Amino acid sequence: MKRFILIIVCITLFLPLKAQNDFEITNHEISLSLEIPDEDLFMIYANYNYMFCDYLGAGCAIGYWSEFGNDGLISFFSNESDDNDKLSRLFIMPGIKLYTPYFIKTNQVKFNIFSEVGYMINRKFTRTIVAYKDEEFMEKEYFSFTGGRTSLHFTSGLNIKFETVGLGLGYSYSTLEYTKNVDFSRENPLYRKNINGLLYLMLSIRF
């Protein structure tokens with residue numbers, strides 16, 4: 001742990017010295033992100049980061065995730081679905097954001113890579129699912145379990161910067177699916193089926 005803290009401190013002190021004077025350093029970044037980390041789930045959140053230098057920032061996001069339900073996206077716009085069929089939660093997510101130096105630069109636009117690691121915190125919930133014992137779906141059994149409170153969240157992708165405005169497109173990687181089923185699958189290891197990962201879009205502005 002001490003080594004990890006030392007590395008972070010060294011990076012924080014070293015990067016400003018290596019930073020290229022491509023533009024005036026701005027210490028505040030606000031971004032709006034949309035993610036579809038699974039085929040039946042989406043999340044949207046606003047994020048604030050204090051940028052210590054061009055490449056390193058820390059902050060917190062406030063957002064909302066929701067399942068589409070058994071009927072897919074149509075069920076999201078319908079009020080007929082059961083709450084157990086379509087779970088949703090507000091969350092907060094402190095995190096760290098990193099940018100690489102620009103690898104393509106023109107007078108109008110610049111390109112670099114971004115990565116962000118967050119710790120998602122949302123309220124626990126109890127969920128009930130139905131398991132059928134026979135192929136004719138006549139005999140069924142109900143299972144109730146409590147979802148977890150926290151999950152890890154990672155995003156990475158290409159950032160396209162137009163002066164102070166940035167557009168990000170990349171990949172999200174989250175343990176939210178495991179968190180939602182932690183009691184139900186607690187005897188299973190953390191494997192790919194329990195991981196969310198898909199599309200990530202970000203619009204950011206620095207000032």
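User: Where is T155 found?
Analyst: T155 is in strand β9, residues 150-162. Strands (E, at least two residues) and helices (H or I, at least four) are DSSP runs, numbered from the N terminus. This is a predicted model: local features need pLDDT of at least 70, side-chain atom pairs count only at pLDDT 80 or more, and totals for chains, interfaces and linings use all residues. Residues are numbered from 1 along each chain as its sequence is written, and side-chain values use heavy atoms, with hydrogens and water left out.

User: Why is T155 called buried?
Analyst: Its relative accessible area is 1%. Buried means under 20%, exposed over 50%, partly exposed in between (1.4 Å probe, protein chains only). So T155 is buried.

User: Which residues does T155 contact, beyond its neighbours within four places in sequence?
Analyst: E35, Y45, F114, S115, E116, Y171, S172 and Y200. Contact means heavy atoms within 4.5 Å.

User: What makes E29 and K97 a salt bridge?
Analyst: The N to O distance is 2.9 Å. The rule asks for a side-chain nitrogen of Lys or Arg within 4 Å of a carboxyl oxygen of Asp or Glu, so the pair qualifies. E29 lies in strand β1 (residues 28-38) and K97 in strand β4 (residues 88-99), so the pair ties together parts 68 residues apart in sequence.

User: What is the distance between the closest N and O atoms of E67 and K180?
Analyst: They are 2.6 Å apart, in a salt bridge. E67 is buried at 4% relative accessible area. K180 is buried at 2%.
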